[in-house]
Amino acid sequence: MKKIIFEQTGNIITTPLIAFAMIQSILLSPKTTNNSASITFGGGWFILIIWSIFFLLLKYCYQKYLKDGYQVTTGELSTADEREQEISHFALKKHIR
């Protein structure tokens, strides 16, 4: 359960950063004309890139040092968790009947 909370917390932080970066690009970009169009990338994208690198490092440290079954490649996919397999099996049996 800790690994799901860890991954979701990172996702919750990432989502507003993506929104902020996109809104900032829209607001800072000049109006398009018939002859040109350009996009201006503001500081929000830099913050997003720094956060993404930091979160990736946190994931690798979590995997290496806490040793509770978290794997960076599977992330928050919890089907490897025995409890989730049991719950999924129970739900499938109930649905088939």
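In which helix is the place of glutamine 24, and which residues does that helix span?

Modeller: Happy to! A word on the ground rules: this is a predicted model, where local features need pLDDT of at least 70 and side-chain atom pairs count only at pLDDT 80 or more, while totals for chains, interfaces and linings use all residues. Numbering starts from 1 along each chain as its sequence is written, and side-chain values use heavy atoms, with hydrogens and water left out.

Glutamine 24 sits in helix α1, residues 2–28 (helices are DSSP runs of H or I with at least four residues, strands are runs of E with at least two, and both are numbered from the N terminus). Its relative accessibility is 19%, so glutamine 24 counts as buried (under 20% relative accessible area; exposed is over 50% and partly exposed in between, with a 1.4 Å probe and protein chains only). Leaving aside residues up to four places away in sequence, glutamine 24 touches Gly42, Gly43, Gly44 and Trp45 (contact means heavy atoms within 4.5 Å).

Phenylalanine 41 is exposed, at 57%.

Tryptophan 51 and phenylalanine 55 pair too: their centres lie 5.4 Å apart and their planes are at 10°, so this pair is stacked. These two are four residues apart in helix α2 (residues 43–66), so about one helical turn separates them. Tryptophan 51 is buried at 14%, as is phenylalanine 55 at 7%.

Now for the helices themselves. The axes of α1 and α2 come within 8 Å and cross at roughly 170° (axes are lines fitted to C-alpha atoms, for helices over the stretch in contact, and angles run from 0 to 180 degrees between N-to-C directions). α1 is therefore roughly antiparallel to α2 (over 145 degrees; under 35 is roughly parallel, 65 to 115 roughly perpendicular and the rest oblique).

Technical notes
Phe/Tyr/Trp six-rings, centres within 6.5 Å; stacked < 30°, edge-to-face > 60°.
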